[in-house]
Amino acid sequence: MLLSGFGTFLWLLNLAMLVLAVVALFLSATAREDAYRAADKQTKKFWLIILGITVAVNLLVPMLFLQIAGLVATIVFMVDVRPAIHQISGGGGRRGGSSSDGPYGPYNGGC
């Protein structure tokens, strides 16, 4: 009984790592190439290869050591690279403001 519960836990863990890697691969593929260079990160091709290998390992060769290495790469992309390229691409923290908003509120043209 305990072993079947552990097997279910490992299956869910594998599924979670696969989903996270697929999401990271999608986000990497949809980002602009020049945003990677502007954020001073590795190239888009590099991240597509690393994350693609991670997805393939999770699908085809479920070896825990390789999955953990891929999980580390996925986490690095999600917490370091993605926010940097997102900010460069113009998605950095805007909450529905006007295009004339400055860092301290709306710009009224010096009135």
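Let me start with arginine 32 and aspartate 34, whose side chains meet in a salt bridge at 3.0 Å, N to O, where a salt bridge is a side-chain nitrogen of Lys or Arg within 4 Å of a carboxyl oxygen of Asp or Glu. What we are looking at is a predicted model, in which local features need pLDDT of at least 70 and side-chain atom pairs count only at pLDDT 80 or more, while totals for chains, interfaces and linings use all residues. Residues are numbered from 1 along each chain as its sequence is written, and the side-chain values use heavy atoms, with hydrogens and water left out.

Arginine 32 is partly exposed at a relative accessible area of 42%, and aspartate 34 is partly exposed as well, at 37%; here buried means under 20% relative accessible area, exposed over 50%, and partly exposed in between, with a 1.4 Å probe and protein chains only.

The structure holds two salt bridges, and the other pair joins the side chains of lysine 41 and aspartate 80 at 3.1 Å, N to O. This pair links distant parts of the chain, since lysine 41 sits in the loop between α2 (33-38) and α3 (44-60), aspartate 80 sits in helix α4 (residues 64-91), and the two are 39 residues apart. For the element names, helices (H or I, at least four residues) and strands (E, at least two) are DSSP runs, numbered from the N terminus. Lysine 41 counts as partly exposed at 27% relative accessibility, and aspartate 80 is partly exposed at 37%.

In the loop between α2 and α3 we also find aspartate 40, which has a positive phi of about 60° although it is not a glycine, and which is exposed, with a relative accessible area of 70%.

Let me turn to the aromatic rings. A search of the whole structure finds two aromatic pairs, and the rule is that rings of Phe, Tyr and Trp (its six-membered ring) pair if their centres lie within 6.5 Å, with planes under 30 degrees apart counted as stacked, over 60 as edge-to-face and the rest as tilted. Phenylalanine 46 and tryptophan 47 have ring centres 5.3 Å apart and planes at 85°, so this pair is edge-to-face. Tryptophan 47 and phenylalanine 77 have ring centres 5.6 Å apart and planes at 55°, so that pair is tilted; it links tryptophan 47 in helix α3 with phenylalanine 77 in helix α4, 30 residues apart.

Which of these rings are buried? Both tryptophan 47 and phenylalanine 77 are buried, tryptophan 47 with a relative accessible area of 7%, whereas phenylalanine 46 counts as partly exposed at 34%. Phe46, Trp47 and Phe77 form one aromatic cluster.

Finally, a word on confidence, where pLDDT is the predictor's confidence in each residue, from 0 to 100. The mean pLDDT of the protein chain is 85, and 78% of its residues reach 70 or more. Where pLDDT is low, the predicted coordinates should not be read in detail.
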